[in-house]
Number of protein chains: 2
Amino acid sequence: MQELETYFSTLFDGRKPETLYAPIAYTMQQAGKRLRPQMVYHVVEMFGGDVSQAQYVAAAFEMLHNFTLIHDDIMDKAPIRRGLPTVYQKWNTNSAILSGDALAIMAFQQLLKLSVNEKTILQIANVFATSTLEICEGQQYDMDFETQEEVSLEEYINMIRLKTAVMFAGCMKSGAILAGADQESQEALYQVGINLGIAFQLADDLLDVYADSSVFGKSLGGDIRDNKKTYLYLMAIQEADAEEKPKLKQCYESSDLDFEDKFRQVKAYYERLHIAEKTRQAIHAYLDKSFQELDKVKVNNEQKATLRKIIADLEQRSK
Amino acid sequence: MQELETYFSTLFDGRKPETLYAPIAYTMQQAGKRLRPQMVYHVVEMFGGDVSQAQYVAAAFEMLHNFTLIHDDIMDKAPIRRGLPTVYQKWNTNSAILSGDALAIMAFQQLLKLSVNEKTILQIANVFATSTLEICEGQQYDMDFETQEEVSLEEYINMIRLKTAVMFAGCMKSGAILAGADQESQEALYQVGINLGIAFQLADDLLDVYADSSVFGKSLGGDIRDNKKTYLYLMAIQEADAEEKPKLKQCYESSDLDFEDKFRQVKAYYERLHIAEKTRQAIHAYLDKSFQELDKVKVNNEQKATLRKIIADLEQRSK
């Protein structure tokens with residue numbers, strides 16, 4: 001992974017106009033967790049593929065991820081990301097739109113740098129493009145949900161599948177294609193990514209309310225403060241009885257309550273309705289599905305150890 | 001070209017969420033001039049290439065063009081395009097950002113639909129990606145120029161080369177690649193596009209001041225009203241003497257003058273400095289270069305007739 005940081009540290013140097021590329025360099029140098037490139041590397045290594053080529057695929061997905069963050073932060077009016085001002089805040093909205101566009105194109109250009117056979121490049125490009133379009137669809141659903149009166153759990157899962165999970169799935173499948181894996185393993189890894197990605201987002205929703213805040217790294221209850229329709233809230237709405245439902249809704253949408261009161265009251269509903277437990281069960285079920293799909297991948301058990309650990313770590317994190 | 005309209009008329013049907021795809025369909029169904037796809041078709045026909053495949057390349061560039069319009073209109077705060085409200089006006093900025101993103105990806109996906117050999121697809125994808133990134137660079141320069149004190153004619157030409165001409169060039173070169181043309185012809189056609197594109201933008205600048213407004217289709221003087229640093233203005237600044245230059249500048253940047261007065265005064269400077277004539281000379285020179293490059297293309301003269309006519313028409317239009 002160090003070579004990826006080295007790669008990013010010079011990729012945007014000397015490009016003109018500087019006003020276009022400075023916001024891109026700024027974003028890409030905030031290292032984040034680099035979760036998506038790790039997945040690419042792990043899968044390529046799992047099949048004993050060419051790790052030097054993996055860099056371009058890993059870079060493409062990480063750049064794609066950061067492009068979505070730059071544009072999403074405009075749409076969500078998010079002032080801070082990774083402890084620093086977001087691009088549209090530090091520069092301006094126009095700059096964030098255009099730098100995001102340029103970053104998306106540069107992401108795609110990484111795939112064109114691959115020195116492997118053309119068919120492989122095109123297969124990866126196909127996965128990449130499909131994932132990218134689905135991510136836009138997911139973001140649109142997410143925005144639509146803000147004003148949509150009723151959102152079902154099924155709709156919510158579909159939204160996070162698109163917005164979050166297809167990129168995990170795309171990373172894994174692309175790694176498998178690059179490493180020359182058979183089609184069944186490619187598909188299985190795609191499903192590993194989908195289920196892991198959904199679990200990842202559900203864990204995020206859970207931790208926003210129930211994390212140990214000294215470990216979590218951001219203050220709790222942000223979703224509740226912002227009236228965000230999370231898995232926990234939508235599950236609570238589903239589980240609440242006819243009397244409780246409108247009360248919970250009113251409380252969640254209230255702008256009169258001060259934050260501490262709102263957080264406490266919403267948590268009381270969640271506790272009465274066993275929402276944390278039910279969310280943990282859902283996470284467990286998705287991770288279980290992820291393990292099952294990993295079983296189908298045609299390499300030996302030892303080679304699956306790293307991915308198995310990633311899945312297990314997420315289970316641990318959400319306990 | 002009719003098959004392209006038919007293609008666009010169903011390409012966005014039935015996709016979900018409708019909130020993402022409705023702005024795309026709205027934009028793509030305003031037919032515009034379809035200049036860029038025409039260039040692709042003309043070049044493919046010139047070499048006797050497979051016109052059925054040309055559709056995907058033509059669609060890709062037209063979609064790319066429309067993506068840039070959706071995002072540019074946000075940045076330029078343009079309320080009207082082709083006589084209709086722009087996307088961010090009809091929907092909202094978030095919608096325009098995200099629909100633009102999705103349209104850009106769909107543009108790229110068109111190339112992946114090509115049924116030709118993989119190497120050809122990747123070559124076209126390379127041209128397409130490079131053009132797209134350069135268009136972003138051009139748009140950034142254009143925005144930077146708004147607040148930049150001094151802009152040279154050379155900087156301006158570089159900006160319009162990136163913002164406008166590389167897409168013409170990309171269309172022509174991609175058409176040549178698709179048709180299996182030799183590399184020298186590919187490069188020559190790229191240069192035909194560059195020079196034609198620059199001439200096209202200079203003609204646009206000229207017509208904004210000097211068109212027969214009954215033919216032009218939009219009211220005159222918009223660039224002067226918006227203090228836009230056009231070729232005409234920058235040429236006038238270059239040609240003005242030490243005494244005249246600050247006066248012209250003050251007049252152009254003035255927000256006190258009413259539009260009719262400003263338009264008349266700026267035109268008086270342009271007339272004294274022979275700006276229209278000098279702009280026509282520049283257009284002529286770029287079109288001449290375009291003809292010279294077309295001469296290098298290795299097909300017989302008859303096959304060049306359509307492109308020759310396009311170049312000649314632009315000369316006629318700017319007279």
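## Lys77 of chain A

A:Lys77 sits in the loop that joins α4 (51–75) to β1 (80–81) in chain A. Helices here are DSSP runs of H or I with at least four residues, strands are runs of E with at least two, and both are numbered from the N terminus. Although A:Lys77 is not a glycine, its phi is positive, at about 50°. A:Lys77 counts as exposed because it has 10 C-beta neighbours inside 10 Å.

## Basis of the model

The model is predicted: local features need pLDDT of at least 70, side-chain atom pairs count only at pLDDT 80 or more, and totals for chains, interfaces and linings use all residues. Residues are numbered from 1 along each chain as its sequence is written, while chains are lettered from A and ligands numbered from 1 in the order in which they are written.

## Arg34 of chain B

B:Arg34, a residue other than glycine, has a positive phi near 55°. B:Arg34 is located in the loop between α2 and α3 (35–46) of chain B. With 16 other C-beta atoms within 10 Å, B:Arg34 is partly exposed.

Most residues other than glycine have a negative phi, and most peptide bonds are trans.

In chain A, the bond from A:Lys16 to A:Pro17 is cis, with omega near -5°. A:Pro17 belongs to the loop between α1 (2–11) and α2 (18–29) of chain A. The peptide bond from B:Lys16 to B:Pro17 is also cis, with omega near -5°, and B:Pro17 lies in the loop between α1 (2–11) and α2 (18–29) of chain B.

Conventions. Buried ≥ 20, exposed ≤ 12 C-beta atoms within 10 Å, placed from the backbone.
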